[in-house]
Amino acid sequence: NKDRYVLGIETSCDETAASIVKNGTEIVANVVASQIESHKRFGGVVPEIASRHHVEQITIVIEEALKQAEMVPEQLHAVAVTEGPGLVGALLVGVNAAKAFAFAHQLPLIGVHHIAGHIYANRLEQEMQFPLLALVISGGHTELIYMKEHGSFEVIGETRDDAAGEAYDKVARTLNLPYPGGPHIDRLAHTSSNPVPFPRVWLEEDTYDFSFSGLKSAVLNYMHNATQRGEEVLPEDVAAGFQNSVVEVVTGKTLRAAEEYKVQQVIAAGGVAANKGLRNSLEKEFKKLGIPFYIPSLPLCTDNAAMIAAAGSVMFEKGIRSNMAMNGRPGMEM
Ligand code: KG4
Ligand code: ZN
């Protein structure tokens with residue numbers, strides 16, 4: 001039997017997750033304990049609370065994954081864990097659990113970059129074709145990554161300030177929408193008939209980098225000025241105006257990169273890839289260009305451990321191993 005089973009562990013932000021993936025492509029167990037309810041009233045993730053929840057949940061989710069898979073640790077071939085980037089206290093919980101598990105069961109240990117995980121979520125649903133362009137867009141990231149082959153990542157563009165999801169959440173907050181605000185803005189945006197014309201931030205002509213803090217400030221100023229003048233603001237018009245600006249710039253840069261790098265496939269990942277406006281726009285434009293474009297299903301778009309096991313499986317086959325000195329790396333580079 002040549003089948004390989006990798007246990008994945010993810011604790012970089014506010015989900016405590018464990019999963020078992022077969023041969024890098026097939027989910028046999030996928031468990032996610034979300035902490036969203038605990039962070040909601042603070043309007044964002046509170047690091048100290050996140051760490052505490054991870055400590056409480058980590059053993060439970062790992063055991064639950066084994067139970068779902070109807071497997072014992074002896075049947076596994078490796079343990080993959082998110083090494084970074086992320087919240088240091090949160091990362092450490094997963095890394096230490098992975099080290100203990102690997103040591104106890106004499107399994108190889110593999111540290112995975114969280115963004116590589118988001119990209120490899122796609123491999124659980126369709127074959128990856130190279131060269132490939134990945135748009136990773138979430139609460140912590142906005143990056144365009146070029147992949148020549150498995151395991152090779154070149155960051156060709158990234159945000160210079162806020163991540164797209166972060167901007168979504170901040171704009172949502174000024175509109176008094178609950179955290180996380182992205183889905184609420186998305187829903188509201190589709191009901192507007194008169195979107196506010198906010199600026200498009202393209203930066204220099206040749207760059208694939210992004211910037212969202214100026215757009216965010218433009219929204220805040222608009223709200224402030226309207227209030228001062230006693231004008232009524234329709235939240236859906238602000239939501240739609242903001243979303244249109246994000247969608248136009250993100251679509252434009254992703255298209256240009258796909259053409260310049262002559263890729264065979266484009267994939268999107270991360271929480272903001274769930275955005276309907278962005279999905280529709282990217283799907284439509286890539287269809288026109290004739291480049292295959294995919295977004296994983298929602299549970300694999302947001303943080304999960306199956307994506308870490310999937311990325312870890314490729315590293316495992318390449319012979320990449322970490323050692324027991326592994327630590328959480330909050331600012332880990334790709
Ligand atoms: O990938 P994710 O679950 O966590 C990380 O940040 O790694 O992404 C969460 C982010 C939040 O900022 C949330 O507001 C945003 O994804 N989000 C959305 C939508 N659904 C989630 N943003 C825009 N439109 C959506 N439909
Ligand atoms: Zn993420």
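Begin by selecting Gly-139, which counts as buried because it has 24 C-beta neighbours inside 10 Å; a residue is called buried if 20 or more other C-beta atoms lie within 10 Å of its own, exposed if 12 or fewer, and partly exposed in between, with the C-beta atoms placed from the backbone. The model on your screen is predicted, so local features need pLDDT of at least 70 and side-chain atom pairs count only at pLDDT 80 or more, while totals for chains, interfaces and linings use all residues. Residues are numbered from 1 along each chain as its sequence is written, whereas chains are lettered from A and ligands numbered from 1 in the order in which they are written.

**Stop 1: around ligand 1**

Apart from residues up to four places away in sequence, Gly-139 touches Ala-163, Gly-165, Glu-166, Asp-169, Pro-180 and Gly-271, where contact means that the two C-beta atoms, placed from the backbone, lie within 7 Å.

Now show ligand 1, which has 19 residues around it, with Gly-139, Gly-165, Gly-182, Gly-271 and Asn-275 coming nearest; a residue is near a molecule if its C-beta atom, placed from the backbone, lies within 6 Å of it. If you colour the shell around ligand 1 by class, you will see six nonpolar, 10 polar and three charged residues, given that Ala, Val, Leu, Ile, Met, Phe, Trp, Tyr, Cys and Pro count as nonpolar, Asp, Glu, Lys and Arg as charged, and the others, Gly among them, as polar. Helices α5 (164-174) and α6 each supply at least two residues of this shell.

Next, select Asn-275, in the loop between β9 (265-269) and α9 (276-289). Which residues does Asn-275 contact, once its neighbours within four places in sequence are left aside? They are Gly-182 and Asp-186, and Asn-275 itself is buried, with 27 other C-beta atoms within 10 Å. An unreviewed UniProt entry carries a "binding site" annotation that covers, among others, Gly-139, Asp-169, Gly-182, Asp-186 and Asn-275; UniProt positions are given in the numbering used here, feature names are shortened, and annotations may be inferred rather than shown by experiment.

**Stop 2: two crossing helices**

Colour helix α6 (residues 182-189) and helix α8 (residues 235-260), which pack at an angle of about 105 degrees with their axes 8 Å apart. The two helices, α6 and α8, are therefore roughly perpendicular to each other, a label for angles of 65 to 115 degrees, while those under 35 count as roughly parallel, those over 145 as roughly antiparallel and the rest as oblique. The contact of α6 with α8 has seven nonpolar, one polar and two charged residues, and Ile-185 and Leu-188 are among those on the α6 side, with Ala-239 and Phe-242 among those on the α8 side.

**Stop 3: a second annotated site**

Select His-114, His-118 and Asp-303, which the unreviewed UniProt entry also marks as "binding site". They span 190 residues in sequence, yet no two of their C-alpha atoms are more than 8.9 Å apart, so they gather at one spot. His-114 belongs to helix α4 (residues 114-120), whereas Asp-303 is in the loop between α10 (298-301) and α11 (306-317). Is Asp-303 buried or exposed? Asp-303 is buried, with 29 other C-beta atoms within 10 Å, and its contacts beyond four places in sequence are Glu-10, Cys-13, Glu-15 and Ala-17. His-114 is buried as well, with 25 such atoms within 10 Å, and one of its contacts is Pro-85.

**Stop 4: the backbone**

Another cis peptide bond joins Phe-130 and Pro-131, with omega about -5 degrees.

Most residues other than glycine have a negative phi, and most peptide bonds are trans. Finish, then, at Asn-176, which is not a glycine but has a positive phi of about 60 degrees; Asn-176 lies in the loop between α5 and α6, and is exposed, with 9 other C-beta atoms within 10 Å.

Key
Axes fitted to C-alpha atoms, helices over the stretch in contact; angles between N-to-C directions. Helix = DSSP H or I, 4+ residues; strand = E, 2+ residues; numbered from the N terminus.
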